[in-house]
Amino acid sequence: MANALFSAPVPLNEPVKGYAPGSPERIELKRELQQQNSAPVDVPLVIAGKHRRGETTAPIIIPHRHSQHLGVAHQAAAKDVGDAIHSAVTTQKSWSRLPWEERAAVFLKAADLLCGKYRQVMNAATMLGQSKTCYQAEIDAACELADFWRFNVAFLTEIYQDQPLSAAGAWNRSAYRGLEGFVFAVTPFNFTSIALNLATAPALMGTTVVWKPGPTSMLSSWVGMQILEEAGLPPGVVNMIGGDPTIIGPIALQHRDLAGVHFTGSTGVFNQMWQTIGQNIGSYRTYPRIVGETGGKDFVFAHPSADVPALVTALVRGAFEYQGQKCSAASRAYIPRSLWRQVEERLVAEVNKISVGDPEDFTNFMGAVIDARAFQRLKQAIEQAKQDSGVRLLVGGECDDRVGYFIKPTVLVADRPDYRTMTTELFGPVLTIYVYEDDQLERTLEICDQTSPYALTGAIFARDRAVIHQMTEALVNAAGNFYINDKPTGAVVGQQPFGGARSSGTNDKAGSKLNLLRWTSQRTIKETFAPALHFDYPFMAAP
Ligand code: NAD
């Protein structure tokens with residue numbers, strides 16, 4: 001028994017390494033890439049701490065060299081899903097009753113392991129499995145994940161410290177219980193850090209988890225799972241099951257012990273999950289907490305007072321880093337007529353400098369899109385735009401899947417602000433621009449606010465303070481993460497809590513204590529020191 005009120009270590013954002021030629025991190029990463037390229041992996045199901053083989057497997061494909069398989073991922077059958085749920089539910093009691101510092105220590109240690117001996121293992125897995133450049137892997141799989149694990153511990157203590165007042169004669173206390181049952185974490189391919197955070201944030205709060213990673217991020221998910229095991233995560237707290245979502249989803253979502261869903265991915269899938277829960281609402285032990293961060297149609301809106309080089313840099317980085325496959329990626333832009341000629345010239349010149357190819361060649365700025373399905377979807381949208389009237393291909397437009405799923409950074413210019421690629425999420429390296437007349441600022445702000453169902457991220461560029469205020473107000477509900485004179489991507493844990501509203505999600509802000517609050521259920525305890533001894537009150541006395 002500790003008999004102490006421990007405080008959490010003060011979290012600091014993990015410094016980003018540079019990977020310059022000759023640097024030790026670059027040498028180590030290259031070595032690790034070689035190693036992972038030559039040693040096929042066998043990613044198991046992890047149920048109750050046991051590594052289990054599935055009845056079937058799926059290949060792990062390198063998106064930028066799709067003829068090469070990195071190994072296989074075992075696929076869960078219905079029985080495995082049932083076992084994973086059973087494992088989570090039966091572990092919940094002992095896990096939630098561990099003192100919080102014991103739970104927290106697991107994740108603090110995991111962060112240190114990740115930033116130490118696993119850093120390049122994780123970065124290489126993310127580069128190979130998800131086609132990220134070394135820099136994109138570093139800011140995601142190493143730094144952001146370590147930040148989630150460290151900052152969440154500090155946020156937990158902030159939550160636990162929140163206690164009620166007590167009047168004379170009584171002591172009121174708030175206890176923060178883990179959720180009874182299990183949380184179903186369903187994660188996307190595009191951020192290793194998001195995947196691991198979705199699986200572990202509920203666990204930190206004393207809840208247990210069945211985790212279904214994205215099928216195209218199994219390699220990095222497996223590295224994350226191994227780090228957690230080495231950090232001392234007890235068996236059954238996080239049960240990782242890859243496989244067909246149409247098998248896993250219905251079993252988990254209709255289970256009586258479903259205590260919550262922690263989802264990031266597309267809006268359509270999230271809506272379907274919510275519908276399933278709605279249809280079964282009378283059958284759960286407790287109302288499931290539903291947290292989902294979903295799609296986006298993120299904008300950059302420039303005013304005539306904008307700084308053009310800063311604007312163009314934000315467009316290029318915001319739209320094309322990680323092949324535009326960030327939920328926050330800029331995919332539509334509004335540029336005033338008076339700036340258009342300068343922006344157009346500079347943008348075309350910059351985009352033409354971008355090299356697309358194998359991320360293992362560190363001179364490349366972009367890799368491949370994630371899989372054949374994404375490649376076909378994007379190619380089709382680009383081909384359609386080439387044929388449509390009222391839209392012009394400014395730069396890019398080439399798609400080549402002979403070796404990997406490569407799509408050149410593409411900029412379209414649409415005559416109408418409601419052209420399809422201005423309104424729907426494509427999730428790839430395609431930016432569409434609408435040029436507005438300078439005297440139509442107010443109307444164009446309204447259009448920007450109303451043309452997409454999403455409200456995830458957005459950026460404005462202006463130097464006029466009154467205009468910055470006007471734009472910020474006009475777009476108040478258009479983005480959950482709003483940037484002034486900066487690109488709309490690159491949120492940092494502890495600095496820009498992340499999430500959007502409208503069709504972009506429940507805005508429970510990953511990387512903040514608001515998210516953790518969803519994974520705990522408060523129990524209020526009132527203890528009275530001098531209980532009443534009679535039921536009657538003074539007003540009842542005879543006059
Ligand atoms: P996706 O929706 O295709 O898949 C997400 C997860 O859901 C995967 O694990 C997938 O296997 C699973 N899934 C698919 N169908 C399912 C079903 N019927 N039942 C249960 N699970 C199911 O998304 P993705 O391609 O992995 O990621 C891209 C999407 O994620 C984009 O829309 C992007 O905007 C969004 N995203 C949003 C955020 C955010 O914070 N808002 C962050 C990252 C990605």
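A residue is called buried when its relative accessible area is under 20%, exposed when that area is over 50%, and partly exposed in between. This model is predicted. With those cut-offs in hand, turn to the aromatic side chains. Trp 274 has a relative accessible area of 43%, so Trp 274 is partly exposed.

Its ring partner is Phe 270. The ring centres of Phe 270 and Trp 274 lie 5.6 Å apart. Their planes meet at 80°, and an angle over 60 degrees counts as edge-to-face. So this pair is edge-to-face. Both residues belong to helix H9, which covers residues 267–279. They are four residues apart there, so about one helical turn separates them. Phe 270 is buried, at 5% relative accessibility.

The model holds 10 aromatic pairs. Another of them joins Tyr 160 and Tyr 176. Here the ring centres are 5.5 Å apart and the planes are at 20°. Planes under 30 degrees apart count as stacked, so this pair is stacked. Tyr 160 sits in helix H5 (residues 134–161), while Tyr 176 sits in strand S6 (residues 170–178). The pair therefore ties together parts that are 16 residues apart in sequence. Tyr 160 is buried, at 18% relative accessibility. Tyr 176 is buried as well, at 13%.

Rings can also join in a group. Phe 301, Tyr 334, Tyr 434 and Tyr 436 form a cluster linked by ring pairs.

Lysines meet rings too. Lys 30 places its charged end over the ring of Phe 362, 4.2 Å from the ring centre. Lys 132 lies over the face of Tyr 322, and the distance to that ring centre is 4.3 Å.

Notes: Residues numbered from 1 in each chain as written. Predicted model: local features only at pLDDT ≥ 70, side-chain atom pairs only at ≥ 80, totals over all residues. Heavy atoms only, no water. Phe/Tyr/Trp six-rings, centres within 6.5 Å; stacked < 30°, edge-to-face > 60°. Helix = DSSP H or I, 4+ residues; strand = E, 2+ residues; numbered from the N terminus. Buried < 20%, exposed > 50% of the residue type's maximum accessible area, 1.4 Å probe, protein only. Lys NZ or Arg CZ within 6 Å of the ring centre and 35° of its normal.
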